Amino acid sequence: MTVRSPILVTGAAGFIGHAVSERLLARGERVIGLDNFTDYYDVSLKKARTARLVDNFNFRLIDGDIASPGLVSELVEANGVQRIVHLAAQAGVRYSLENPFAYEHSNLKGHLAVLEAARHAGNIEHLVYASSSSVYGDRPLGGTGFREDEPCTAPVSLYAATKRSCELMSESYAKLYHLPLSGLRFFTVYGPWGRPDMAYYGFAQKILLGQPIEVFGEGRMARDFTYIDDIVDGVVGVLDRPPAGGENRLLNIGDCNPVGLMDMIAVLERALGRPAIKLMRPMQPGDVTATYADISAIKALTGYSPKVPLARGIERFVDWYLGEIENGGRGPMAAVA
């Protein structure tokens with residue numbers, strides 16, 4: 001039996017990164033997880049995620065910054081890495097209004113470091129990297145799903161601008177150095193072990209505490225909520241199907257079923273068994289009205305088909321969240337415990 005080289009997963013302590021690592025380990029892959037455990041949200045949650053991985057002898061955790069000169073290249077070369085899943089980034093739209101240089105560092109410099117590592121390795125089979133639905137800019141409610149061949153020239157946040165920049169950098173590196181690249185435009189990923197800065201997560205905490213929730217955009221927004229297990233199906237499916245060298249393939253990965261913000265809150269209220277106290281607020285700078293993925297391209301490539309509807313996914317999140325509280329809480333859950 002041929003033993004394949006390890007897969008490098010950047011952002012392995014993150015929501016998607018730890019879930020992808022877990023799936024890869026479950027099928028017998030060796031994984032090198034890289035993360036620098038920033039304090040954008042409570043580090044204890046990130047450490048709890050990686051604690052689920054480190055007991056697997058096929059997993060190696062590296063605490064380091066992807067933007068550090070040479071770090072990614074050293075890991076790739078020393079370990080014979082031929083496949084990379086690059087998920088490390090500074091997330092969040094509103095945070096970019098206050099800390100713009102965090103996005104320049106992690107998203108631009110960090111992405112460039114990964115591309116340089118792939119360029120100099122000379123034997124990369126596939127580099128899959130995270131983009132975002134935010135690159136499409138603001139769209140009204142209704143209409144059809146966003147398609148990958150649409151122009152993305154009007155980002156409404158710095159976060160979106162950095163993600164589109166990563167796509168353009170990747171396009172040039174694919175052509176210049178004959179690299180096989182795939183950029184995944186994620187649409188509102190949610191579920192157990194998720195990010196506390198996401199609306200559904202913060203709403204759950206405040207509803208349980210009896211505190212009011214701020215509903216931005218007067219509730220007239222919609223998101224293409226995509227459950228984490230479905231996202232992992234798509235990421236791994238794409239990883240296993242590299243494009244030809246020299247191609248930077250862009251793919252939406254979402255649920256193709258946008259749900260109104262007020263409808264999501266109603267689902268969360270039912271799952272928690274208590275009502276939310278709602279404070280209606282205007283649209284925040286950088287927010288978009290709606291996201292809606294056309295997933296025909298990734299479906300044709302991998303057979304990707306989201307299986308978990310929002311009501312079931314929210315129930316699973318709530319079960320996990322309440323279970324964490326009962327077990328003493330960690331990080332964001334501790335305030336409820």
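Close-up 1. With a relative accessibility of 1%, Tyr 190 counts as buried. Phe 225, at 8%, counts as buried too. Please keep in mind that this is a predicted model. It holds 20 aromatic pairs, and here is one of them: the ring centres of Tyr 190 and Phe 225 are 6.2 Å apart with the planes at 90°, so the pair is edge-to-face. Tyr 190 belongs to strand E7 (residues 189-190), while Phe 225 sits in the loop between strand E9 (222-223) and strand E10 (226-227), so this contact ties together parts that are 35 residues apart in sequence.

**Close-up 2. Tyr 201 meets Trp 320.** These two rings have centres 6.2 Å apart and planes at 75°; since an angle over 60 degrees counts as edge-to-face, the pair falls into that class. Helix H7 (residues 199-209) carries Tyr 201 and helix H11 (residues 310-326) carries Trp 320, so the pair ties together parts that are 119 residues apart in sequence. Are Tyr 201 and Trp 320 buried or exposed? Both are buried.

**Close-up 3. The aromatic cluster.** Ring pairs link Tyr 190, Trp 193, Tyr 200, Tyr 201, Phe 225, Tyr 227, Phe 317, Trp 320 and Tyr 321 into a cluster.

**Close-up 4. Arginines over phenylalanine rings.** Arg 94 places its charged end over the ring of Phe 216, at 4.3 Å from the ring's centre. In another such arrangement, Arg 139 lies over the face of Phe 146, 4.5 Å from the centre of that ring.

Conventions
Residues are numbered from 1 along each chain as its sequence is written. This is a predicted model: local features need pLDDT of at least 70, side-chain atom pairs count only at pLDDT 80 or more; totals for chains, interfaces and linings use all residues. Side-chain values use heavy atoms; hydrogens and water are left out. Rings of Phe, Tyr and Trp (its six-membered ring) pair if their centres lie within 6.5 Å; planes under 30 degrees apart count as stacked, over 60 as edge-to-face and the rest as tilted. Helices (H or I, at least four residues) and strands (E, at least two) are DSSP runs, numbered from the N terminus. Buried means under 20% relative accessible area, exposed over 50%, partly exposed in between (1.4 Å probe, protein chains only). A charge sits over a ring if NZ of Lys or CZ of Arg is within 6 Å of the ring centre and within 35 degrees of the ring normal.
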